[in-house]
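Here's a quick briefing for anyone opening this structure for the first time. Have a look at it, then read on for some places to start.

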Amino acid sequence: MIRVQTVKENGHYKKFIICGHADYADEGEDIVCAAVSALVINTVNSIEKFTGDPFICDCRDGMIQNWEFTSGVSRGTELLMDSLMLGLANIQESYGEKYITIEPCTHQYTD
């Protein structure tokens with residue numbers, strides 16, 4: 001199962017954590033993993049190209065596992081992250097929590 005978590009600070013995205021495998025189908029044919037990967041990689045690339053908001057990313061074995069913004073994020077990044085979360089929620093709704101779960105924010109820091 002793929003597990004997704006976000007951390008927000010003052011109502012803004014601070015961190016995104018994703019781990020696991022969907023195990024929907026055999027490797028190379030798993031459409032759930034492919035969809036999640038496409039959404040996440042496109043979001044990272046879009047934030048980097050269109051907003052310039054700084055972040056660090058833990059990428060291992062071709063997977064983005066932990067990605068953290070190193071300063072405040074722009075409205076553009078918020079929109080891209082909201083779009084990512086919408087897409088992931090749609091995948092979860094279509095294929096079920098057996099393959100992908102989106103956990104509530106692990107922390108909600110406020111001033």
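**Rings that pair up**

Searching the whole structure turns up six aromatic pairs. A pair here is two rings of Phe, Tyr or Trp (its six-membered ring) with centres within 6.5 Å; planes under 30 degrees apart count as stacked, over 60 as edge-to-face and the rest as tilted. Keep in mind that this is a predicted model: local features need pLDDT of at least 70, side-chain atom pairs count only at pLDDT 80 or more, and totals for chains, interfaces and linings use all residues. Residues are numbered from 1 along each chain as its sequence is written, and side-chain values use heavy atoms, with hydrogens and water left out.

- Tyr24 and Tyr95 make an edge-to-face pair, 5.2 Å centre to centre with 80 degrees between the planes.
- Tyr24 is in the loop between E2 and H1 and Tyr95 is in helix H2, so this pair ties together parts that are 71 residues apart in sequence. (Helices, H or I with at least four residues, and strands, E with at least two, are DSSP runs numbered from the N terminus.)
- Tyr24 is partly exposed at 35% relative accessible area, and Tyr95 is partly exposed at 33%. (Buried means under 20%, exposed over 50%, partly exposed in between, using a 1.4 Å probe and protein chains only.)
- Phe55 and Trp67 form a tilted pair, 6.3 Å centre to centre with 55 degrees between the planes.
- Phe55 sits in strand E3 (residues 55-60) and Trp67 in strand E4, so that pair ties together parts twelve residues apart in sequence.
- Phe16, Phe55, Trp67 and Phe69 form one aromatic cluster.

**The nonpolar core**

- In soluble globular proteins, nonpolar side chains tend to be buried together.
- The largest nonpolar core here has 23 residues, and Phe16 and Trp67 touch the most other members. (Such a core is a set of buried Ala, Val, Leu, Ile, Met, Phe, Trp, Tyr and Cys residues joined through side-chain atoms within 4.5 Å.)
- Two or more core residues come from each of strand E1 (2-9), strand E2 (12-19), helix H1 (31-51), strand E4 (63-69) and helix H2 (75-95).
- H1 gives the largest share, six residues.
- Trp67 is buried, with a relative accessible area of 0%.
- Beyond its neighbours within four places in sequence, Trp67 has contacts that include Phe16, Val40, Ile47, Met81 and Leu84. (Contact means heavy atoms within 4.5 Å.)

**Helix H1**

- H1 has 21 residues and reaches 29 Å from its first C-alpha to its last, close to the 30 Å expected at 1.5 Å a residue. (The expected span is 1.5 Å times one less than the number of residues.)
- Among the buried residues of H1 are Val36, Val40, Thr43 and Val44.
- The cover over the buried residues of H1 includes E1, E2, E3, E4, H2 and strand E5 (100-102).
- Just after H1, Gly52 takes a positive phi of about 75 degrees.

**Spots in helix H2**

- Gln92 lies in helix H2 and counts as buried at 15% relative accessibility.
- The side chains of Gln92 and Glu97 are joined by a polar contact of 3.3 Å. (That is a pair of N or O atoms within 3.5 Å; within protein, one must be able to donate a hydrogen and the other to accept it, and residues adjacent in sequence count only if both atoms are side-chain atoms.)
- Gly87 is in helix H2 too, and counts as buried at 15% relative accessibility.
- Gly87 and Leu39 are 48 residues apart in sequence, yet 7.2 Å apart in space, C-alpha to C-alpha.
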